[in-house]
Amino acid sequence: MKLDITRLDANSENFSQQLQQLLAWESVSDASVNQIVTDILSDVHKRGDQAVVEYSNKFDNTNASTMSELQLSSEQLQAALQRIPERERDALNKAAERVRRFHERQADSSWQYQEDDGTVLGQKVTPLDKVGIYVPGGKASYPSSVLMNAIPAKVAGGGGVIMVVPTPNGELNDLVLAAAAIAGVDQVFTIGGAQAIAALAYGTQTIAKVDKITGPGNIFVATAKKAVFGLVGIDMIAGPSEILVIADGQTDPQWLAMDLFSQAEHDEQAQSILVCADAEYMDAVEAAMQKLLPGMERKGIIEKSINNRAAFILVEDLQQGVAVSNSIAPEHLELSVEDPQALLDSIRHAGAIFMGRYTAEALGDYCAGPNHVLPTSGTARFSSPLGVYDFQKRSSIVFFSEQSASDIGPIASVLARGEGLTAHARSAEYRIKK
């Protein structure tokens, strides 16, 4: 077992082309997946609960007859919370508190102002009525995903959070259920896949139609979310997890080796990139990776990820390193340097920025406080982390007095007639004092 890490030089003639090849990733879906998802969505839309039950029995090897058998009560969630070891319960509670405290600062509020002529303008902020969160199940359990999706939704103050989580072979994960209890999830259904997305998007006899669906899933879940977007809101279509580390060559090489592994162990398509001006230091990090790999539980996945998608990029200095990072727009960016604050203003595109040698990205995954649902595949150029703002919507407030409507009306009239929309113009003109 040996790592073969791609080396790039930011000053080489063909660097841009090499970098684009390295970053290339095919988005979700193919024709067969699309057809399967389309059929499931259509069937659930038509038959509701019964279709969801049948697909759950088929794909998750359950044996349910009605949707009520696939719903968990609040008592079951609380029982799971009490069953888990005290150490895990304490960790979940402390992580949830940090996540809640951070997101409470994001909550927006309504505002208005009045102009001198009596016009009142403003913005009304309203939480979404209902949201659905998808939590992966099966081989892995993600209680952290429950906290990161449910807590900002609850902070937003909406009407309810519905969680769906597949339970293959009927196996429940107590950590996931405990996290749901702590986060205040209102309803939990043990369903997954495209059928769960369909149930949330269309509603069934048992599951209420939601306004937005968030949370990660497999290719069928991602394809289904993409298909129902427009009928409901979604958070994003996430690609493989990514980390980019800008290093000044003074951090313990083993620390960065493990930071790079922490993304690589997600799956074979995850991407780990180190950017540094010191080639000898990069050699030391690679040596640490080679030494540590045999002891990693997910070494097979890490090896494939590193060999297929990782890179060490040599730059002239930290400023060029920042420029390379901005061109990549990574999901996670570690500034493993002596003075990360000095670089911060130059960072334009990153999902989350981890400042300094001691700030491992893994802390952000679980308990730092900011959300770990982040834009991937370069979408940090125009997207933001999941937050309370994703579970709120805004309505404009407009009020004109008799006098201000008369004063402003001619402006609307001129512009409307310029666009050839005479009904618009006359609507404004009716309110102009003669």
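**Reading the fold, feature by feature**

Tutor: Happy to. Among contacts in the protein between residues at least 6 apart in sequence, 73% join residues at least 24 apart. Keep in mind that this is a predicted model.

Student: How many helices and strands are there in the protein?

Tutor: You'll find 17 helices and 15 strands. The C-alpha trace spans about 85 × 60 × 45 Å along its principal axes.

Student: How do I read "buried"? Is Ile-40 buried or exposed?

Tutor: A residue is called buried when its relative accessible area is under 20%, and exposed when that area is over 50%. Ile-40 has 5% relative accessibility, so Ile-40 counts as buried. This residue is found in helix α2, residues 31–47. Leaving aside residues up to four places away in sequence, Ile-40 touches Tyr-55, Phe-59, Ala-194 and Gln-195. Across the protein, 49% of the 434 residues count as buried.

Student: And the outside? Which residues make the nonpolar surface patch?

Tutor: Val-398, Phe-400, Ile-408, Ile-411, Val-414 and Leu-415 make a patch of about 570 Å². Helix α16, residues 402–418, gives the most to that patch, with four residues. Take Leu-415, which lies in helix α16: its relative accessible area is 56%, so Leu-415 is exposed.

Student: Now salt bridges. How many are there?

Tutor: The idea is a side-chain nitrogen of Lys or Arg within 4 Å of a carboxyl oxygen of Asp or Glu. By that rule the count comes to 15 salt bridges. In one of them, the side chains of Arg-7 and Glu-286 meet at 2.7 Å, N to O.

Student: What about Arg-394 and Asp-108, how do their side chains meet?

Tutor: They meet in a salt bridge at 3.7 Å, N to O. Arg-394 lies in strand β15 (residues 392–399) and Asp-108 in the loop between α5 (86–104) and β3 (111–114), so this pair ties together parts that are 286 residues apart in sequence. Arg-394 counts as partly exposed at 37% relative accessibility, and Asp-108 counts as partly exposed at 34%.

How values were computed:
Residues are numbered from 1 along each chain as its sequence is written. This is a predicted model: local features need pLDDT of at least 70, side-chain atom pairs count only at pLDDT 80 or more; totals for chains, interfaces and linings use all residues. Side-chain values use heavy atoms; hydrogens and water are left out. Helices (H or I, at least four residues) and strands (E, at least two) are DSSP runs, numbered from the N terminus. Buried means under 20% relative accessible area, exposed over 50%, partly exposed in between (1.4 Å probe, protein chains only). Contact means heavy atoms within 4.5 Å. Patches are made of residues with over 30% relative accessible area and no salt bridge: like charges are joined within 9 Å, nonpolar side chains (Val, Leu, Ile, Met, Phe, Trp, Tyr) within 5 Å. Accessible areas come from the Shrake-Rupley method with a 1.4 Å probe; for residues, only the protein chains shown count as cover.
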